[in-house]
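Hi,

Here is the structure I promised to pass on. Have a look at it first, and then read my notes below.

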Amino acid sequence: MKLFIFCFIWLSAQDILQTPCVSSDGQWFLFSSAGDIWRASTAGGNAIRLSSHEGFDYNPRLSHDDQKILFNTDRFGNEDVMIMNLNGDSLTRLTYYSGKDKAIGFSIDNQWAYFLSERNLRFHPLPEMYRVDLLGRTPEKIEPIFAVDASIASDGSLFYVNGYD
């Protein structure tokens with residue numbers, strides 16, 4: 001399997017490829033550009049736009065079975081987390097907080113979406129980790145995880161950065 005690292009590739013004077021996420025088989029990847037989520041083959045060719053909205057969609061994260069996409073959006077005036085199918089349909093809003101929520105990834109069984117949220121910054125200087133089911137019901141705080149960023153490994157392990165250094 002070839003590993004591709006895409007940092008910042010200029011697509012035009014204004015648009016760049018950002019926040020790439022490679023499929024589990026390495027055959028294709030997701031990325032955000034121009035405020036939308038795209039899918040492209042790692043072998044090259046044309047990209048397919050999966051989201052199209054006046055809002056800014058970014059930070060795509062794949063479920064472990066490569067069938068669902070978790071992503072951030074500002075469609076509602078703040079940074080929320082949404083989910084959609086791999087083909088771009090069946091969009092569901094998962095978070096409804098008036099501040100910033102950041103998509104992290106899926107549980108190993110693909111039943112939960114993890115995200116960082118600033119909803120309790122008045123009590124702690126770092127965002128906290130939450131999880132929500134894929135229907136967008138009330139989020140559950142995962143204690144005691146405070147982080148500036150996080151990631152979920154293919155075995156379900158949670159990695160997080162708990163400082164700015």
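Let's start with Asp 80, which is buried at a relative accessible area of 0% (buried means under 20%, exposed over 50%, partly exposed in between, with a 1.4 Å probe and protein chains only). Before going on: this is a predicted model, where local features need pLDDT of at least 70, side-chain atom pairs count only at pLDDT 80 or more, and totals for chains, interfaces and linings use all residues. Residues are numbered from 1 along each chain as its sequence is written, and side-chain values use heavy atoms, leaving out hydrogens and water.

Asp 80 sits in strand β7, residues 80–85 (strands are DSSP runs of E, at least two residues, numbered from the N terminus). Leaving aside residues up to four places away in sequence, Asp 80 touches several others, including Phe 71, Arg 93, Thr 95 and Asp 101 (contact means heavy atoms within 4.5 Å).

Now the sheet. Four strands form an open sheet in the order β9-β10-β11-β12, with antiparallel pairing (two strands pair if DSSP finds at least two bridges between them). β9 (101–106) and β12 (140–146) are at the edges with a single partner strand each, so one side of each has no neighbour in the sheet. Inside it, β10 (residues 112–117) and β11 (residues 128–133) run antiparallel and are joined by six bridges. Tyr 114, for one, has Arg 131 in β11 as its bridge partner.

As for the whole chain, it has 14 strands and zero helices (a helix would be a DSSP run of H or I, at least four residues). Of its 165 residues, 44% count as buried.

Cheers
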